[in-house]
Amino acid sequence: MALRFTSLGSGSSGNALVVESGSTRVMMDCGFAISETKARLERVGLAPSDLTGICVTHEHDDHLGGVARFAKRYAIPVYLTRGTSQWLPEDFPAVLVRYIDSHTEFAIDGLAIAPFPVPHDAREPVQYTFSDGARRVGVVTDLGCITQHVVDKLSGCEALVIECNHDIDMLMGGPYPLSLKQRVAGRFGHLDNAGARHLVECLDRSRLRHLIAAHLSQQNNTPALARRALALAAGCEEDWIGVAGQADGFDWRDA
Ligand SMILES: [Zn+2]
Ligand SMILES: [Zn+2]
């Protein structure tokens, strides 16, 4: 059975990614309003009722902001750490909550999902890999710095979606106030292009078939700079590198 994945959009204005194996479809994060999420799902041929579950990474609005209303409206279970769950609204139906442990793999039907903790300025943030047993998709956005654990978890994946948040010179020379620059570039902030390059260089890439830059800052990065950084890491042509756009994400890819 094929394992495939698509992004509905990525960046600080909202993130959502869907992984599919057979009739199981898991959405990772939802930072969009209900109508927007529905429209973006339609674009990739899906309806809300096609989703089996939603896995949340952390409480920041661009990831959790659309989850509760969407999950409640369509009665979709939400998988998240206890730390992240504190940001669900009080009236969110307990019957839809599935607590996960940040170090313990779990399954949704035939899809094996491995969360792993990441350094980021949130209560209990995780990122995920998804596997159908044959192939594995690894996603990491909102990564303050690279840890050996992150390297171990992402090594050997067929597909990687990696944060390329900013170009450090564009960030530092840009209009953000100093405190925000320091937060974004800090060890609990976001990975820049050079950091993403270093992360990919550290990974076992022997099975890698897809490499996609995600969570690009509209203000402090360009798709060309992100592509170049990842292409240097992977030793490939720049146009082989995918970019997850804020407006349009990226189309289905077979892992
Ligand atoms: Zn984010
Ligand atoms: Zn975040």
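**Helix 8 against helix 9.** I looked up which residues touch: in helix 8, Asn193, Ala196, Arg197, Val200 and Glu201 meet Leu225, Ala226, Ala229, Leu230, Leu232, Ala233 and Ala234 in helix 9. Contact here means heavy atoms within 4.5 Å, and helices are DSSP runs (H or I, at least four residues; strands are E, at least two), numbered from the N terminus.

**What I'm working with.** This is a predicted model, where local features need pLDDT of at least 70, side-chain atom pairs count only at pLDDT 80 or more, and totals for chains, interfaces and linings use all residues. Residues are numbered from 1 along each chain as written, chains are lettered from A and ligands numbered from 1 in written order, and side-chain values use heavy atoms, without hydrogens and water.

**Crossing.** I got axes that come within 8 Å and cross at roughly 25 degrees for helix 8 (residues 193-202) and helix 9 (residues 223-234). Helices 8 and 9 are therefore roughly parallel (angles under 35 degrees count as that).

**Zinc.** Next I checked the zinc ion (ligand 1): Asp62 (OD), His63 (NE2), Asp142 (OD) and His215 (NE2) coordinate it at 2.1 to 2.3 Å. Donors are N, O and S atoms within 2.8 Å of the metal (3.2 Å for Na, K and Ca); water is not among the atoms, so sites may look incomplete.

**Bridge.** Asp142 bridges zinc ligand 1 and zinc ligand 2, which lie 3.6 Å apart. I then placed Asp62 in helix 2 (residues 61-64) and Asp142 in the loop between strand 10 (136-140) and helix 5 (148-154), 80 residues apart. Both Asp62 and Asp142 are buried (under 20% relative accessible area, 1.4 Å probe, protein chains only; exposed is over 50%, partly exposed in between).

Terms used
Axes fitted to C-alpha atoms, helices over the stretch in contact; angles between N-to-C directions. Parallel < 35°, antiparallel > 145°, perpendicular 65-115°, else oblique.
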